Amino acid sequence: MSEEDVRGDGGLEARLEEQETFEPPAEFVEQANVTDESIYEQFEQEWPECWERAADFLEWEQAYDEVLVEDDAPTYQWFTGGKLNASYNCLDRHVEDGRGDAVAIEWEGELGEQRTYTYAELLAEVNEFAAALRELGVEEDDVVTMYMPMVPELPIAMLACARIGAPHSVVFAGFSADALATRMNSSDSEYLVTCDGYYRRGDALEHLSKANEGLTDVEHETSTVVVDRLGDDVEHDLGADQYDYDELVAAHEGETVEPVTRDAEDMLFLMYTSGTTGKPKGVKHTTAGYLAYTAWTSHAVLDLEPEDTYWCSADIGWITGHSYIVYGPLALGTTTVMYEGTPDYPDKDRFWEIVDDYDVDVFYTAPTAIRAFMKWGAEYPEKHDLSSLRLLGTVGEPINPRAWKWYYKHIGDEQCPIVDTWWQTETGGHIITTLPGVCDMKPGAAGPGLPGIDVRVVDAAGEEVDAGEAGYLSIDKPWPSMLRTLYRNDERFIEEYWTEYSDPEADEWVYFPEDGAKIDDDGYITVLGRVDDVINVSGHRLGTMEVESAIVGTQGVAEAAVVGGDHEIKGEAVYAYVIPEDGYEGGDELEDEIVDNVVDAIGPIAKPEEVVFTPELPKTRSGKIMRRLLEDIASGNELGNTSTLRNPEVVEDIQRQVQGE
Ligand code: WT7
């Protein structure tokens with residue numbers, strides 16, 4: 001399939017022109033968790049009390065007094081006075097309800113090993129590891145960092161932390177040692193849970209040395225727990241203050257740890273994400289609002305039932321995995337599938353083999369994966385029985401209608417609705433998407449805001465735009481799983497999200513997600529992508545400034561500009577335009593050093609697709625780099641008027657290089 005075929009209709013205009021709608025299949029609607037369309041009106045009329053419905057998905061040790069307290073807006077407080085424990089809600093109560101033998105986690109390793117944890121087994125190991133963490137000195141409110149691939153010990157460690165009231169901070173295993181150190185320093189985290197390695201395409205990939213390298217840059221004392229994933233394949237040594245996970249758990253065999261009573265607004269976890277500046281933002285999520293909302297949306301949007309087997313192919317190192325592999329599904333008592341590896345190992349049908357083997361009912365993945373499946377061809381899903389599927393979902397970036405339709409037809413057999421879910425690390429859970437048992441679907445448009453979510457498309461002044469016009473997303477009312485602040489940086493929290501459209505004097509606060517969007521006459525929103533200097537590579541958020549600072553740290557680089565350019569599979573890819581320093585030449589050698597530095601600073605996901613050397617960057621008369629122009633060059637778009645540039649002559653040269661490669 002050519003690039004044109006895969007992304008041919010990815011263009012915005014094409015996406016908007018496509019007016020097709022699909023009704024949810026009757027068979028799905030008949031059994032759906034939410035089918036009453038008046039839910040939108042009910043939530044509006046009963047707001048904010050409507051959120052009691054989300055809170056009702058949880059078991060509370062002490063009932064909350066108020067649904068919403070706005071005194072400290074925009075730091076809103078939800079379910080104040082309420083007390084609960086997230087691990088109790090995800091584990092104990094299901095066991096107490098007689099569902100201890102129901103499967104909580106089905107884990108499949110890349111080599112094909114399988115591990116099944118019933119709720120009772122998961123609870124037992126969470127208890128044991130919680131006891132071990134306590135013995136290591138972890139106290140309530142201590143931040144525990146996890147730097148782990150997709151192994152069951154990751155959700156176990158998260159739930160063990162939740163049990164003892166220690167917020168976790170999970171760092172994606174693909175991030176670099178530097179990235180780990182930055183996050184541990186920024187959160188004063190004295191504990192790390194990591195892993196000796198994992199498998200990728202059949203090869204054992206060492207991970208511990210990366211963790212150790214990161215630890216050397218951590219400014220305070222640390223204790224580390226190491227999970228042995230590779231066994232005899234790769235030996236590893238433990239340093240001082242490093243403990244073997246299995247030994248710790250064995251030493252606490254059979255122990256139980258009383259779940260710590262947490263206030264509704266106590267921190268459940270931190271998750272670092274990229275922003276406009278070079279410094280990642282520590283997004284703080286709290287216990288009750290987050291858990292209630294992820295449980296509610298798992299029920300209403302993902303349509304999950306306790307009896308379901310559900311698979312979200314994301315990595316737990318991102319918010320999608322936190323909300324919709326771990327917390328939402330487990331709060332509902334569902335079986336959640338975890339897969340360690342890649343979709344094309346040993347062959348390109350691995351995902352469909354998993355769906356077939358486990359009889360997956362609901363499958364949730366990213367458009368970047370769907371575009372790859374599409375490129376590989378329908379023969380791979382056709383080899384397997386996918387008839388267990390009832391609902392499909394996508395997340396992370398806009399999905400082009402062609403990929404949507406391929407997914408609908410070849411994976412869902414036109415029998416499964418698709419929910420295209422727009423949300424962010426900061427929102428904690430789904431914000432814009434269809435309710436699958438209620439709404440028609442429009443390929444390319446995520447849908448309306450969920451019930452109780454006041455999302456709008458506005459112009460630069462904050463006024464709602466007409467249907468069909470481009471504007472910016474805004475969220476005008478708070479919601480339970482919203483971020484509460486940026487860790488130890490309230491100022492940046494206000495600055496990043498609450499200055500654009502808010503009126504602090506009038507105490508009116510409007511959340512600015514930093515995405516562009518359009519809305520149609522039916523209120524369906526088509527998300528156009530980030531409007532800040534953040535790019536979206538394979539559904540992963542990267543700050544261009546972070547990449548730029550890694551590049552300018554390379555000897556021989558004078559200046560650099562990083563932008564996102566269209567990419568057939570990844571959605572966007574990193575393009576780096578670099579001015580070499582006097583006396584240095586832009587060539588393979590410098591390029592290799594630049595790429596190495598980016599991988600060291602962030603990780604392989606930030607690897608530039610292309611490094612373009614240029615004596616100058618296109619700048620406006622006032623000296624601002626014309627990023628838009630660099631984006632257009634990277635995407636191969638037609639360029640607008642360049643005559644207002646200070647140095648229009650550089651454009652052609654840059655363009656020639658990009659096209660020539
Ligand atoms: C950014 C958030 C949500 C978990 C994964 C990413 C983009 C996300 C969609 C969608 C169009 C989407 C937005 C958003 N995005 N979902 N369905 N359609 N764009 O979380 O790393 O915090 O990134 O991802 O640009 O702002 P994240």
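**Close-up views of a predicted model**

**View 1. Strands β16 and β17 lie side by side in a sheet.** Strand β16 (residues 309–312) pairs with strand β17 (residues 335–339) in the parallel sense, over three bridges. Two strands count as paired if DSSP finds at least two bridges between them. Strands (E, at least two residues) and helices (H or I, at least four) are DSSP runs, numbered from the N terminus. Opposite Thr-309 stands Thr-335 of β17. In general, strands of a sheet pair through backbone hydrogen bonds, either parallel or antiparallel.

This is a predicted model, in which local features need pLDDT of at least 70 and side-chain atom pairs count only at pLDDT 80 or more, while totals for chains, interfaces and linings use all residues. Residues are numbered from 1 along each chain as its sequence is written, and side-chain values use heavy atoms, with hydrogens and water left out.

**View 2. The open sheet has seven strands.** Their order is β5-β4-β17-β16-β18-β19-β20, and the pairing is mixed. β5 (114–118) and β20 (418–421) are the edge strands, each pairing on one side only. On average, neighbouring strands of this sheet are turned by 20° against each other, direction ignored. Axes are lines fitted to C-alpha atoms, for helices over the stretch in contact, and angles run from 0 to 180 degrees between N-to-C directions.

**View 3. Helix α14 lies across strands of the sheet.**

**View 4. Helix α7 is mostly covered.** Of its 18 residues, 13 are buried, meaning under 20% relative accessible area (1.4 Å probe, protein chains only). At 1.5 Å a residue, α7 (residues 119–136) should span 26 Å, and its end C-alpha atoms are 25 Å apart, which agrees. The expected span is 1.5 Å times one less than the number of residues. Just after α7, Gly-137 has a positive phi of about 110°.

**View 5. Thr-620 sits in the loop between β30 (610–613) and α21 (627–635).** Its side chain makes a polar contact of 3.1 Å with that of Ser-622. A polar contact is a pair of N or O atoms within 3.5 Å; within protein, one must be able to donate a hydrogen and the other to accept it, and residues adjacent in sequence count only if both atoms are side-chain atoms. Leaving aside neighbours within four places in sequence, Thr-620 is in contact (heavy atoms within 4.5 Å) with Met-626, Leu-645 and Arg-646.

How values were computed:
Buried means under 20% relative accessible area, exposed over 50%, partly exposed in between (1.4 Å probe, protein chains only).
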